[in-house]
Each structure stands twice: as structure tokens, then as C-alpha cells.
Amino acid sequence: MKCDKCGKEAVIFQKYSGMHLCAHHEIEDVERKIKKRMRQERMVVPGDHVAVAMSGGKDSAAVLSILVETFGARPDIKFTAITIDEGIEGYRNFSLPKVKELCDRLGVPHFVVSFKDDVGCTLDEMLTHDRKEASCTYCGVFRRTLLNTMAKWIGANKLATGHNLDDDAQTVLLNVMNGDTERLARLRPTRPQEGLVPRIKPLMDVPEREVALYAFLKGLPFYMGECPYARESLRGEIKDMLNDFEARHPGTKYSIMRGFDNMVGCLKEKYPQVPLTKCEICGEPGIKGVCQTCRLKERIKIAGKSPVKEQEKI
Ligand code: SF4
Ligand SMILES: [Zn+2]
Ligand SMILES: [Zn+2]
């Protein structure tokens, strides 16, 4: 197949747009989508210090690369990479060196903090103690809190994540299937919350397979393995279902997000954003009383420690 723009060999057929694209035009198309979204939402502005959450996978590699490529020459904008090491044997130990390689290449400082340092044990160990919650619940809650704590500690005013179109469409469906319309409304915060570093998602308009292709075509170091717990989650099932649907009905993922954006205003009227309160135990922002992180720590009977004292640069 030939590229519809220049006639060179195509590397992808975007079923949703009907376009065959060569490597050059696919990279151009992905970057156009990312830059358009960053501009629309003023994701990065002069004076920003952006913490970038780096897992070592394709998404975080792509997000750090494009941020540095776009703004790296600007002395008024700073980037710092943060990795949370959950302690997942056979997964995180392989992806961490990829983050280090990319950060070294791009000249971006990199900090690592682990569940072992902060929570007291690895995710693998946690799951041998307690299986009342799904693996991704522990992982997601602790990681979210640690990323926020670390971002504040390094003085960042924004936190960039590698969430792509697939991730967001899965999240919308997941909340619909759980009947959690209040959480659905919270997916688009109205204003910054005290104590929470605002998040930006530059890849939110790019399908996952195109992020992977982009990272590959740009020669970025990234780890391709999948978390061994990924298949345990409902999200994993939704991902398969959505990919199957997208193959038969191209554009479904974009349609889900378009539909969500059309109805989120009504959801916000029903569930206005409430100010967060300080957790009675750790002082971090939470919905009420004791935050979810402290509740989970309590459940696995592990005392929390300050992550910032334990952080180390790799
Ligand atoms: S799949 Fe679940 S357990 Fe694995 S890294 Fe993601 S959130 Fe954590
Ligand atoms: Zn082309
Ligand atoms: Zn707490």
C-alpha cells in the first residue's frame, strides 16, 4: 500500500480516517494531534515545571520525547521525569533501564520512588498479604498518591501522563459499566484542587497502536512487555472488547470520547466539583476523612513513610 499523501510505502492504514500513511506522514499526523490538543488546552505555558510520569512503556516515552522536542529549547520551561517502581517482578525491573536510557538521551533529570520505600513492601508482596482488592486498585491508588507527592516535592506545577485515546475510552466505559456517574464527572476537573498537581494528557487524541508505532518510528527506547496483573482487571476485558469493536466499527474510540465530552457538562451540573479535604492521617488531599491510600495501607497493615526522604536519582 502507498501513502495517500506522498506515494511512499505506507506503514499504517488508519481505518477511522481512511488514510494510508508512510512513516514520515504518520509521525507528522501523531504530532499534529498532540500539539493541537496541547495548544487548545494550554497544557504547557511559560514558567511551567512539568513532572512527567515515566513507566518505561511506549506512552511515557512518546510523551517525554514530544514535550522535550517541542519545548526543550525554552529556558522558561522545565521537565523532570518521575518513575514509580511498584515492585512487579519481571516487569518494572525491565522497564526502568529504558526510562534511564531515554532521560539520559534527552538530558532530563529522573527520580525514582518505590512502593517498597513508601508503603513498606512491593506490590507483589502486598498481593500475597491481601487479595480483597484487585491488584490494579492497590497499584493505581498508591501510584497516584506517590506521583502527586513527588511532583510537589520537586516543585512541579503540572504532571504529564502518557494516557492515550484507548486509556480514556476504557475509563469512560469502565465507569459507565460500574454505574459510577459521579466518577465520570470527575474525569474532567473544572478547576485545580488544592494539594493536587494538575495533570495534563498530551496523547489523549492518539490511539494506542499509533503511539506504539510513533515510539518505534522515532527510535525511542521503551519496554514492550505487559504487566503480569493487567489481565486480571475489568479494564483488560474492556480493552479487548473495545479493540474488537474498533476493528469492526472504525472510529468507535473517538466516538466514545466525543459522546462523553458532549454529556460531561450535564454530569458536572449533577455532581459539582467539591473542594478536597486533608486526610486525617497523612494530610494529603482526599474526598473526606481518611484518604483511600491510608485506608489501603491500614488494610495491609503497613505504616506509611515519607517517600521524599527515600527518593534516589538513578
Ligand atoms: S496493570 Fe494494574 S498492576 Fe499492572 S502496572 Fe497497571 S495498574 Fe499496576
Ligand atoms: Zn507519506
Ligand atoms: Zn491519607
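A patch is made of residues with over 30% relative accessible area and no salt bridge, nonpolar side chains being joined within 5 Å. The legends below describe close-up views of a predicted model.

**Figure 1. A nonpolar surface patch formed by Met177, Leu234 and Met241.** Together the side chains of this patch account for about 260 Å² of accessible area. Met241 belongs to helix 10, which runs over residues 234–248. With a relative accessibility of 39%, Met241 is classed as partly exposed.

**Figure 2. The shell of residues around ligand 1.** Sorted by class, the shell around ligand 1 contains six nonpolar residues and one charged residue, with no polar ones.

Figure 3. Strand 5 pairs with strand 4 (residues 78–85) in the parallel sense, over five bridges. Within this pairing, Thr83 has Val112 of strand 5 as its bridge partner.

**Figure 4. Strand 4 and its pairing with strand 3.** Six of the eight residues of strand 4 are buried, so strand 4 is largely enclosed by the rest of the structure. Strand 3 (residues 49–53) pairs with strand 4 in the parallel sense, and five bridges join the two. Val52 is found opposite Ala81 of strand 4. His49 is also part of strand 3. The relative accessible area of His49 is 9%, so this residue counts as buried. Between the C-alpha atoms of His49 and Arg105 the distance is 19 Å, the two residues being 56 apart along the chain.

**Figure 5. The salt bridge between Lys33 and Asp29.** Side chains of opposite charge can pair when their charged atoms come close. The N to O distance between the side chains of Lys33 and Asp29 is 2.8 Å. Both residues lie in helix 1 (residues 23–40), and because they are four residues apart, about one helical turn separates them. Lys33 and Asp29 are both buried. The structure holds 26 salt bridges.

**Figure 6. The salt bridge between Asp168 and Lys201.** The closest N and O atoms of Asp168 and Lys201 are 3.1 Å apart. Asp168 is in helix 7 (residues 165–177), whereas Lys201 is in the loop between strand 7 (199–200) and helix 9 (208–217), so the pair ties together parts that are 33 residues apart in sequence. Asp168 has a relative accessible area of 6% and is therefore buried.

**Figure 7. The salt bridge between Arg188 and Asp261.** The side chains of Arg188 and Asp261 meet at 3.0 Å, N to O. This pair links distant parts of the chain, 73 residues apart: Arg188 sits in the loop between helix 8 (181–186) and strand 7, and Asp261 in helix 11 (residues 252–270). The cut-off for a buried residue is under 20% relative accessible area. Arg188, at 18%, is therefore buried. Asp261 has a relative accessibility of 35% and counts as partly exposed.

**Figure 8. A network of salt bridges.** Lys58, Asp59, Glu208 and Lys239 are the residues linked in this network.

**Figure 9. Gly265 in helix 11.** The relative accessible area of Gly265 is 39%, and the residue is partly exposed. Gly265 and Ala185 are 80 residues apart along the chain, and their C-alpha atoms are separated by 8.2 Å.

**Figure 10. The backbone at Arg42.** Arg42 has a phi near 45 degrees, a positive value in a residue other than glycine. Arg42 is located in the loop between helix 1 and strand 3. With a relative accessible area of 59%, Arg42 is exposed.

Note on methods: Residues numbered from 1 in each chain as written. Chains lettered and ligands numbered in written order. Predicted model: local features only at pLDDT ≥ 70, side-chain atom pairs only at ≥ 80, totals over all residues. Heavy atoms only, no water. Near = heavy atom within 4 Å. Nonpolar A, V, L, I, M, F, W, Y, C, P; charged D, E, K, R; others polar. Patch = residues over 30% accessible without salt bridge, like charges linked within 9 Å, V, L, I, M, F, W, Y side chains within 5 Å. Areas by Shrake-Rupley, 256 points an atom, 1.4 Å probe, with all protein chains shown as cover. Salt bridge = Lys/Arg side-chain N within 4 Å of Asp/Glu carboxyl O. Buried < 20%, exposed > 50% of the residue type's maximum accessible area, 1.4 Å probe, protein only. Pairing = 2+ DSSP bridges.
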